[in-house]
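Let's take a walk through a protein chain together. Have a look at the structure below, and then we will go from its overall build to its parts.

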There are 2 protein chains.
Amino acid sequence: MRFTQLFGRTLRERRADVESASHELLERACYVRQHAAGIYTYLTLGLKSLRRIEAIIRDEMNAAGAQEILMSMVHDADVWKRTGRYDSIDATLVRFKDRRGHDCVLGMTHEEIVASLAATELRSYRDVDVVVYQIQTKFRDEARSRGGLLRTREFLMKDAYSLHLTTDGLAKTYGDQASAYARIFRRLGLGDAAMVESSTGLMGGKQAHEFMCFLDVGEDTVAVCRSCGYAANIDVIGDAQNCTRCGASLEWKRGVEIGNIFQLGTRYTDALGVAVTDAHGTRRSVIMGSYGIGVSRLLACLVERFHDDRGIALTAATTAIDAHVLVLGRRDESLQTLASSLECESRERGIELLWDDRTDLSAGERLTDADLLGATIRVTLGRDTLADGTVELRERRSGRVHTVSADGAVDALFRLRKDILIGESSVC
Amino acid sequence: MRFTQLFGRTLRERRADVESASHELLERACYVRQHAAGIYTYLTLGLKSLRRIEAIIRDEMNAAGAQEILMSMVHDADVWKRTGRYDSIDATLVRFKDRRGHDCVLGMTHEEIVASLAATELRSYRDVDVVVYQIQTKFRDEARSRGGLLRTREFLMKDAYSLHLTTDGLAKTYGDQASAYARIFRRLGLGDAAMVESSTGLMGGKQAHEFMCFLDVGEDTVAVCRSCGYAANIDVIGDAQNCTRCGASLEWKRGVEIGNIFQLGTRYTDALGVAVTDAHGTRRSVIMGSYGIGVSRLLACLVERFHDDRGIALTAATTAIDAHVLVLGRRDESLQTLASSLECESRERGIELLWDDRTDLSAGERLTDADLLGATIRVTLGRDTLADGTVELRERRSGRVHTVSADGAVDALFRLRKDILIGESSVC
């Protein structure tokens, strides 16, 4: 891709009105644009990064035996009335009437929809222990949406739901999902995310955990025991001054909730009549679990974690751009030809390459933008390329520089990207 | 994937309440489930097919130089008020107030959002001739939503938008998009889709064309000239008894609109103040085009076109399942082991395989389901496999049968699928 064809402008000015580094950088680097309070457009680069995050989540969800489906954003309010949440949830749940006067809501979570599907699809004990998930747009009309992607009203969520006949079946899947979450966050570069006991909140149910990315910008407060490692949200642990498990002292940390898992029990299935026959022919209530990951929020957390004064510096697994090509020095036709051939070859090799082909900006301005956008590897063509046929590969995060021959530049890029991926995955 | 793990049941009974073959088959084959009038859930198989359709659309959009972004489903009504469509569009546009009392709408199309983005992102003639697109969920509260995916209220749409300084720039992109559409529909197996002149409808603008998939179940009426080939929607050609181009007689056909393209002019950009400086420094209005494809509707059209009495028979490029494994005859452990190894190897080779491992159904019931679900190749393990180590590969659409050795079954599957893909793409 060429910079002159990219939709959207990078912003040079630091902004005073932002609430977090990720908000500022995602806007300045032209990854996202705010449409309204808590509502964003993902521009080309933001979407590329988001899609890589989604791919990792899908991969681990599928490996854990979950199957992907896609439910609707508009729901018939009837099922929400039957579970009681139409009346119990505040204005966060958007309600409207359709043209026939029928009550509808915007999907803020999908327990009701999965349970109503299960009511017709499940019949016997053979049909349970199934997990479905989707990656889909949710709307929650939060009173306190913040700037940036940390707390939005419209957001992308991976939401999974499991259906069981026994509490053992639920417990097993709950554990499998927790393990999948740990793998997902590790692959994303957030391997220190902690699983903490949490309140069941508006989901109800018996047991719940949140996955916390520890960041000072976070809105949640988490207590972590200095001795046994038990962790809990302040909502659960309240004003206990010591660990409720072992009595040792607690460390308090700020975190952003990036995932949550719930053992829901039969709250939704009983309300919507979801029952199956067991092996003895007896009809029994189906037990349910649900499992969420804030996909677009993850992009914000990743930028919070992986940036520096100069801009975004995401890991190779989640970056929007693998390689960013700059031609510096005097304008030379052969360098343009080389950049163009790098662009074509990279596309064939599956390398996401951005060539800054703008001619109306200084070298300094373009170098500043390269750092801001945060490609994994900056590829510089210039005087050395003309003199001795070499190009410079510079790693964004480590700053390491490699000089390679222009002829083998794409091979070198491919190998270097792979090495960085391997190196980062062993650290994270 | 194993049938016993699939969420959802196939339905044996033919339904009396359906309005089209695709409605009946997509429900019976467990591809989709209706949630409410005109609102559907895509179950595992339906989503797999949808994702293959999306991949073909993305491939051709990217090849045509369009870049993917993702806009929101909830819009600030202000931009719709500024273009006048908040007041001019009927109840099809869902309006609601958020918790602060601010007017919002559900995105039924995104001209307003793209234009308001362009107002801040575009500055000069260097920034135009850009095309952005998304594949995103739309909601239109249609009074006459029908059963099945042909006309729904919530649907998946590929919507693209282009921004230009000159009408020549718009005309070029309009032509490029029309060519990309022709390639997309050909790859999908709908190569006979016709580009027909259409009215500009609620989009406004100067010129518009629809792409029609000729199907008797279609709601549109199209006139095609028997002599010069000119085609137009009845909305345009009205009660003309002869071709308005050459005077020859017209043939009338029924069709489903699967795509549309609009030369919008400056209707949206003027309303939202989108202007750039030209090469002489003069500020000029930006000219806009928009280009839609009904992604979920395409799934319905494909099933309308590719099915038989026994069930769904999609092309290899759009099928939900490449291979459907059945073990027939007496229960033999070695056949189960073979089926299981086919499942694993296929996954590694990127073949989407469904193994019907249900033990509570007769061979006849499972064969009926295999035809209903419509995998490209049915793989049968049975008596012959035990006797001489062969398995049967049967092509769903042609009925051709191949006997191959069990040892090389996955290789044979891989090659046969490729041959079918090539054969179908040369015909379509």
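How many helices and strands are there in chain A? Chain A has 13 helices and 23 strands, where helices (H or I, at least four residues) and strands (E, at least two) are DSSP runs numbered from the N terminus. The radius of gyration of chain A (taken over C-alpha atoms) is 25 Å, close to the 22 Å that the globule rule gives for 428 residues, so chain A is as compact as a globular protein of that length. That rule is 2.2 Å times the number of residues to the power 0.38.

Before we go on, a note on the model: it is predicted, local features need pLDDT of at least 70, side-chain atom pairs count only at pLDDT 80 or more, and totals for chains, interfaces and linings use all residues. Residues are numbered from 1 along each chain as its sequence is written, while chains are lettered from A and ligands numbered from 1 in the order in which they are written.

Now look inside. Of the 428 residues of chain A, 51% are buried, meaning that 20 or more other C-beta atoms, placed from the backbone, lie within 10 Å of a residue's own. Helix 9 of chain A (residues 295-305) has 10 of its 11 residues buried, so this helix is largely enclosed by the rest of the structure. Among those buried residues are Leu298(A), Leu299(A) and Cys301(A).

Finally, chain A is divided into domain 1 (3-308) and domain 2 (321-427), with bounds that come from an automatic or database domain assignment. The C-alpha centres of these two domains of chain A lie 37 Å apart.

Terms used
A residue is buried if 20 or more other C-beta atoms lie within 10 Å of its own, exposed if 12 or fewer, and partly exposed in between; C-beta atoms are placed from the backbone.
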